[in-house]
Amino acid sequence: SSLILIPIALFFIIKGSFLFNFFIFICFFITVYEWQTMTKKKPYKLAGIIFLIFSFYSVYFIRNNLGEESLFFFLFIILICISTDIGGYVFGKTFKGPKLTKISPKKTYSGVFGGFFFSIIFTNIFFSFSEFFGFKYIDFSKDEFILVLLISTVSQIGDIIISYFKRLSKIKDTGKLIPGHGGILDRIDGMIFAFPFYYILNLLISIK
């Protein structure tokens with residue numbers, strides 16, 4: 001599933017313009033459907049839909065409104081979220097250790113560290129080879145290091161929040177669209193929090 005979906009997603013992300021907008025609209029529609037199916041008549045259903053609207057708007061904004069660096073920072077955020085997930089899984093499975101929270105029993109403290117470690121390593125590599133992707137070279141300094149940790153933290157919190165709502169709904173996955181991976185919301189649980197976080201951060205910096 002990943003071998004098929006990742007190239008498709010990258011195609012639309014890199015192409016940008018109306019193709020990207022069409023792609024995120026489809027993702028938004030499926031995500032809202034999964035959320036509605038999961039929450040049903042729960043009182044927080046509408047609040048979740050409003051948040052998803054804001055979240056996907058921030059995805060649209062970052063890809064389309066940051067000038068020549070739009071694609072770079074979009075891929076930067078996605079890379080942090082994906083490497084955080086992979087690092088959390090690898091370190092969690094390898095070192096195990098104390099559980100992080102009852103909300104998500106598979107989460108461990110070692111997994112949190114692994115998420116930070118992998119996100120720092122992979123984004124550092126991404127920055128080092130940024131010129132090969134047609135981007136201006138950006139030094140991985142202290143500011144970028146802190147930003148990676150912040151986005152990785154938000155991504156992990158987002159994962160736990162969605163796990164909490166799945167637990168309330170007594171389901172394992174938000175959907176069955178992706179064989180072996182559940183629904184779209186299962187795959188982007190960290191991203192739907194990471195993108196709004198970066199959007200707000202960018203907005204605050206612009207105001208200053």
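Reader: What covers the buried residues of H5?
Author: The cover includes H4 and H6. Helices here are DSSP runs (H or I, at least four residues), numbered from the N terminus. This is a predicted model: local features need pLDDT of at least 70, side-chain atom pairs count only at pLDDT 80 or more, and totals for chains, interfaces and linings use all residues. Residues are numbered from 1 along each chain, and side-chain values use heavy atoms, without hydrogens and water.

Reader: Which residues of H5 are buried?
Author: Among them are Gly114, Gly115, Phe118, Thr123, Phe126 and Phe127. Buried means under 20% relative accessible area with a 1.4 Å probe, protein chains only.

Reader: How many residues has H5, and what is its reach?
Author: H5 has 20 residues and reaches 29 Å from its first C-alpha to its last. That is close to the expected 28 Å, taken as 1.5 Å times one less than the number of residues.

Reader: New topic. Which residues touch the most other members of the largest nonpolar core?
Author: Phe76 and Ile77, in a core of 50 residues. Such a core joins buried Ala, Val, Leu, Ile, Met, Phe, Trp, Tyr and Cys through side-chain atoms within 4.5 Å.

Reader: Which helix gives the most to this core?
Author: H4, with 10 residues.

Reader: Back to Phe76. What is in contact with Phe76, leaving aside neighbours within four places in sequence?
Author: Thr123, Phe126, Phe127, Leu147, Val148 and Ile151. Contact means heavy atoms within 4.5 Å.

Definitions and conventions. Helix = DSSP H or I, 4+ residues; strand = E, 2+ residues; numbered from the N terminus.
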